[in-house]
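Student: I would like to learn how to read the computed features of a protein model. Please take me through them in turn.

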Amino acid sequence: VTNGVKLVQECENVVEIGPNALMCSIDGPKDIHNDIRGSKKSFQTLSEGLKAIRDEKKKQGQKKPYVIILST
């Protein structure tokens, strides 16, 4: 389970290690998520991280990790 802060930097390692699932916490739409997380870029950082994971899976020819979004 992750908030996605380090996904861009660690995407290669995450995909290479090959966990079955990557669970990401999202607290609502952009403004609400950012307010709850206390950062104006939290939602954007998570979005960029998920894109990096997607691109890295493609690059490595992997289907995992499956991305699961956790929301309240």
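This is a predicted model: local features need pLDDT of at least 70, side-chain atom pairs count only at pLDDT 80 or more; totals for chains, interfaces and linings use all residues.

Tutor: Residues are numbered from 1 along each chain as its sequence is written, and side-chain values use heavy atoms, with hydrogens and water left out.

Student: Which order do the elements of the protein follow from the N terminus on?

Tutor: Helices (H or I, at least four residues) and strands (E, at least two) are DSSP runs, numbered from the N terminus. Here there are three helices and two strands, in the order α-β-α-α-β.

Student: What radius of gyration does the protein have, against that of a compact globule?

Tutor: The radius is taken over C-alpha atoms, and the globule rule is 2.2 Å times the number of residues to the power 0.38. For 72 residues the rule gives a value near 11 Å, and the protein, at 12 Å, agrees with it. Along the principal axes, its C-alpha atoms fill a box of roughly 35 × 20 × 15 Å.

Student: How many salt bridges does the structure hold?

Tutor: A salt bridge requires a side-chain nitrogen of Lys or Arg within 4 Å of a carboxyl oxygen of Asp or Glu. The structure holds two. In one, arginine 37 meets aspartate 27 at 2.6 Å, N to O. This pair links distant parts of the chain, 10 residues apart: arginine 37 lies in helix H2 (residues 30–37) and aspartate 27 in the loop between E1 and H2. In the other, the closest N and O atoms of aspartate 55 and arginine 54 are 3.2 Å apart.

Student: Is aspartate 27 buried or exposed?

Tutor: Buried means under 20% relative accessible area, exposed over 50%, and partly exposed in between (1.4 Å probe, protein chains only). Aspartate 27 is buried because its value is 18%, whereas arginine 37, at 32%, is partly exposed. Aspartate 55 is partly exposed at 42%, as is arginine 54 at 46%.

Student: Which residues make the nonpolar surface patch?

Tutor: Patches are made of residues with over 30% relative accessible area and no salt bridge; like charges are joined within 9 Å, nonpolar side chains (Val, Leu, Ile, Met, Phe, Trp, Tyr) within 5 Å. Areas come from the Shrake-Rupley method with a 1.4 Å probe, and for residues only the protein chains shown count as cover. Val1, Met23, Ile68 and Leu70 make a patch of about 330 Å². Methionine 23 lies in strand E1 (residues 21–26) and is partly exposed, at 31%.
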